[in-house]
Amino acid sequence: MITLSNITKSFNRSNVVNNLSLEIAKGEIFGLLGPNAAGKTTTIRILCGLLKPSSGEASIGGIALSDNSDALKHKIGYVAQYFGLYDELSVMENLRFYASLYERTDEKTLLGLLKRYKIFEYKDAKAGSLSGGYKRRLSLCCALCHQPEVLFLDEPTAGIDPSTRKELWDIFYELSQEGKTLFVTTHYMEEAQRCNKIAFLNKGVVVAEGSPTEVENSLEAYDVYKLTQEFKYELLEVLRTDDLVHLVNQFGDELRIIVKKECSKEWLGGLIAPYTQGDVSLESTRANLEDVFIALTQEVVA
Amino acid sequence: MSVIGAVAKKEFMQLKSEPRLIGFLIFMPIMMLVLFGYALRLEPKDVNMAYVDEDKSYFSSLIKTNLWSDGYFKLYKVDSKKQIIEEIRSGRAHAGMFIQKDFSKELTDNEQPHVQFFVDGTMPSLATSMKNNSSAIDDKDVTSDMYFLGEDADNVVIADAPFVVDTEVLFNEDELETWFFLPAVIGVLIMQIALVLAGISLVREKENNTLEQLLVAPISKTQLIIAKILPYTLIGLFEFYFILALGYFIFDLPLPASAYFSLILLSIVYVGAMIALGLFISVISQTQQQAMFIAIFIIIPSVLLSGMIFPVEAMPEFIRPIAYILPLTYFNEIIRGVLIKETLFMDLSIDYLALAGFALFFSVASILKFKRYVA
């Protein structure tokens with residue numbers, strides 16, 4: 001449904017997106033992950049026609065981006081990170097306005113949208129008076145009013161409480177069930193887990209791609225251990241400076257240690273022992289997405 | 001105290017990131033000083049004067065030469081007294097002079113002949129200063145040459161004032177300042193409303209992130225600009241007639257039937273030019289604050305240099321070109337002409353064309369500039 005081949009975008013001679021190629025199938029929820037300034041928003045804006053790529057080609061539903069045709073614009077919906085709503089207009093007036101740009105002004109359909117996304121009761125409220133969660137719902141309604149085949153969502157759940165975030169994801173699944181293709185950027189790892197397919201973007205380059213499980217397996221060359229007991233702070237420095245230790249990731253009460261294969265559990269236990277009290281409780285575990293995320297981000301930085 | 005210092009420092013850092021603002025802070029006062037210091041002299045110079053010299057004598061030539069060399073007037077010849085009035089009505093001249101046939105005869109007969117002087121009353125400040133400066137034609141330099149002291153000629157005894165100057169104020173005979181200012185005030189008000197409304201319109205969409213959503217929708221940038229021009233033009237037109245009506249009912253501004261067609265045309269080209277200019281400001285600005293600054297930057301010189309308060313003829317030569325790149329200059333010329341002098345449409349066609357040109361230029365410039373805009 002969405003194809004990017006060798007897309008590069010440079011600003012002031014530095015490549016923000018570098019030779020990006022992606023293939024996203026119809027009905028998929030695709031997650032583009034990466035740290036801040038990785039090029040996620042730039043990629044989405046290129047796909048929405050707001051930026052021209054410096055080189056490369058992309059198409060959506062078989063229509064080349066370079067055509068910049070109205071047909072293409074009817075196919076896509078875009079929920080920007082800061083979706084522009086007219087604060088002084090009511091919820092319904094905002095929706096009606098955006099719908100009129102696509103000549104889809106059937107009042108019944110629009111009211112149906114508001115009901116479906118549970119914002120109907122606020123239809124006469126000014127958009128400026130809505131809470132963050134409801135603004136997001138209204139943005140979604142506005143982006144969906146013309147029944148687009150592809151929906152671009154730039155950090156759709158940033159700054160949203162967990163229960164609303166879950167509701168939004170339920171909506172995304174529903175939309176995907178209906179055959180819509182969703183292109184989501186996020187840096188929440190638990191959201192990445194919910195995608196059918198993800199790609200890690202760092203400094204404008206894709207550093208890992210596949211299903212969440214496939215991406216987790218990309219750390220296969222390493223062993224992952226977790227330490228679940230109290231330790232002295234100096235341990236972190238000791239581990240980080242050891243050649244056999246690839247990455248140390250503190251995750252709540254856990255200390256996740258990613259080490260090279262030649263590093264045995266016994267050797268690692270011996271290294272840790274002076275910094276803990278009692279027996280070392282070191283467990284072998286699987287890499288999670290956050291481990292991969294941090295590992296990949298560090299690699300490119302190094 | 002340290003928190004105040006911290007915030008104050010932050011303000012300066014923000015200002016530093018706005019080079020245009022710094023430009024305004026430095027350029028504005030320089031410009032204002034130059035304008036007030038040099039441009040705004042109330043002494044007219046090079047005012048066009050249509051004259052008829054029926055006498056065609058040494059004496060009448062003496063008057064013309066002295067007027068010319070004084071620098072206040074630029075003289076050109078027309079055929080009749082009626083034509084002098086027509087020249088002033090059309091705006092080609094703001095002054096006129098009629099020297100009758102028997103001027104030199106009466107002068108030599110010591111009968112104190114009359115020289116007729118005409119002044120355009122729609123520009124009261126010009127009229128006033130011209131009345132004062134009309135002394136230029138009968139000051140000592142001129143009159144001293146009018147004594148015959150030649151060997152062959154008899155000494156002619158001439159009174160202290162060898163001739164009399166009659167000054168006639170044409171149009172707006174009472175030199176009502178309101179009639180002079182009010183039509184121009186309409187132009188300034190429309191300008192303010194248009195530049196503020198249209199100036200903010202697009203930049204507000206940028207600031208609120210709604211522009212991105214619009215650009216994702218199937219509406220082209222050209223369509224968007226046109227969609228912005230139309231509503232504000234309607235508001236501007238409403239304002240134009242509203243203010244005109246206020247002027248008519250409250251200040252007895254004349255509204256001759258001959259002006260109706262001209263006023264309709266004027267309202268369209270002028271409001272169009274102002275809205276297009278406002279939109280252009282909006283396209284080139286990044287923030288609403290910037291847009292406001294640019295608007296003020298245009299409004300103030302317009303008030304000072306458009307002939308609204310000070311006649312363009314009274315400005316030094318190097319400032320005058322600025323007057324002619326200001327739409328308000330053409331607006332003033334037209335509206336004072338049609339309301340007070342009942343100037344014919346044809347005589348003002350250049351001014352209408354100039355305003356239409358501004359409207360077209362800024363519309364096209366806005367579209368072209370906006371097309372290159374990437375959100």
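Tutor: Strand β6 of chain A is joined by 4 bridges to β7 (residues 150-154) of chain A, and the two run parallel. Strands here are DSSP runs of type E with at least two residues, helices are H or I runs of at least four, and both are numbered from the N terminus. Two strands pair if DSSP finds at least two bridges between them. Within this pair, A:Val79 stands opposite A:Leu153 of β7(A).

This is a predicted model: local features need pLDDT of at least 70, side-chain atom pairs count only at pLDDT 80 or more, and totals for chains, interfaces and linings use all residues. Residues are numbered from 1 along each chain as its sequence is written, while chains are lettered from A and ligands numbered from 1 in the order in which they are written.

Now widen the view. The open sheet has 6 strands in chain A, ordered β6-β7-β8-β3-β9-β10, with mixed pairing. On average, neighbouring strands are turned by 15° against each other, direction ignored.

Helix α1 (residues 40-47) of chain A lies across β3 (29-33), β7, β8 (181-186) and β9 (197-202) of chain A. Helix α6 (residues 162-177) of chain A lies across β3, β7 and β8 of chain A. α1(A) runs at about 150° to β8(A), and for α6(A) the angle to β8(A) is also about 150°. Axes are lines fitted to C-alpha atoms, for helices over the stretch in contact (C-beta atoms, placed from the backbone, within 7 Å), and angles run from 0 to 180 degrees between N-to-C directions.

Notes
Contact = placed C-beta atoms within 7 Å.
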